[in-house]
Amino acid sequence: MALDKPYTDVPGTIIFDAEQSRKGYWINQFCMSLMKAENRERFKANERAYLDEWQMTEEQKQAVLARDLNWCMRTGGNIYFLAKIGATDGKSFQQMAGSMTGMTEEEYRNMMIKGGRSVEGNRYIGENGDAQAQNQPQGAAGQQSNAAGKKA
């Protein structure tokens, strides 16, 4: 019996519930392995070979290789585990969070200092706030990425 999940209507939000936990078990186990220096070295030496040692789906592996944290989360990754990938790459959590919105680190920091995103327009999918899919990614880094994608 499926549970009612009213929280799936919150734009830009993936709730790490029991279903996500089951889906992401192996990607999260992989991330936790990066707590050991020898595993970080093995991963950095040959990312694909290291990922192939884990029972992750091909989609999860591709999401990790792309360093697309939103994609990783959609496949069951928990942001607190995924932070190990960023740490392995020498990125701060702030840099990682900014990348998830297409913002530079500075843009993300400034937004958070100003109180974060407004709830106005962001309470339900279909409104017109900055967290809505049609307004993402919203920062300069995302706009550069979008422009590069349109040229290709």
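This is a predicted model: local features need pLDDT of at least 70, side-chain atom pairs count only at pLDDT 80 or more; totals for chains, interfaces and linings use all residues.
Q: How many helices and strands does the protein chain have?
A: The protein chain has 10 helices and zero strands, so that, read from the N terminus, the order of elements is α-α-α-α-α-α-α-α-α-α.

Q: And how much of the protein chain is buried?
A: Of the 152 residues in the protein chain, 33% are buried. The accessible surface of the protein chain is about 9400 Å², and carbon and sulfur atoms hold 53% of that surface.

Q: Take helix α2, then; which of its residues are buried?
A: Helix α2 covers residues 25–33, and its buried residues are Ile27, Asn28, Phe30, Cys31 and Ser33.

Q: What do those buried residues of α2 pack against?
A: They pack against five helices named here with their ranges, namely α3 (37–45), α4 (47–51), α5 (58–66), α6 (69–74) and α7 (79–88).

Q: Switching to charges, how many salt bridges does the structure hold?
A: The structure holds eight salt bridges. One of them is between lysine 5 and aspartate 17, where the closest N and O atoms are 3.0 Å apart. Both lysine 5 and aspartate 17 lie in the segment before α1, so this pair ties together parts that are 12 residues apart in sequence.

Q: Is aspartate 17 buried or exposed?
A: Aspartate 17 is buried, because its relative accessible area is 16% and the cut-off for buried is under 20%. Setting aside neighbours within four places in sequence, aspartate 17 is in contact with Lys5 and Tyr7.

Q: What about lysine 5, buried or exposed?
A: Lysine 5 has a relative accessible area of 18% and is therefore buried as well.

Q: Which glutamate forms a salt bridge with lysine 5?
A: Glutamate 19 does, with the closest N and O atoms 2.4 Å apart. Because glutamate 19 lies in helix α1 and lysine 5 in the segment before α1, the pair ties together parts that are 14 residues apart in sequence. Glutamate 19 itself counts as partly exposed, at 43% relative accessibility.

Q: Why might such side chains pair at all?
A: In general terms, side chains of opposite charge can pair when their charged atoms come close.

Q: Further along, which side chain meets lysine 61 in a salt bridge?
A: The side chain of aspartate 52 meets that of lysine 61, with a distance of 3.0 Å from N to O. Lysine 61 counts as buried at 8% relative accessibility, whereas aspartate 52 counts as partly exposed at 41%. Salt bridges that share partners join these two residues with Arg48 and Glu58, so to speak, into one network of Arg48, Asp52, Glu58 and Lys61.

Q: One last thing, what is phi of arginine 67?
A: Phi of arginine 67 is near 55°, which is a positive value in a residue other than glycine. Most residues other than glycine have a negative phi.

Q: Where is arginine 67 placed?
A: Arginine 67 is in the loop between α5 and α6, and with a relative accessible area of 26% it is partly exposed.

Note on methods
Residues are numbered from 1 along each chain as its sequence is written. Side-chain values use heavy atoms; hydrogens and water are left out. Buried means under 20% relative accessible area, exposed over 50%, partly exposed in between (1.4 Å probe, protein chains only). Contact means heavy atoms within 4.5 Å. Helices (H or I, at least four residues) and strands (E, at least two) are DSSP runs, numbered from the N terminus. Accessible areas come from the Shrake-Rupley method with a 1.4 Å probe; for residues, only the protein chains shown count as cover. A salt bridge is a side-chain nitrogen of Lys or Arg within 4 Å of a carboxyl oxygen of Asp or Glu.
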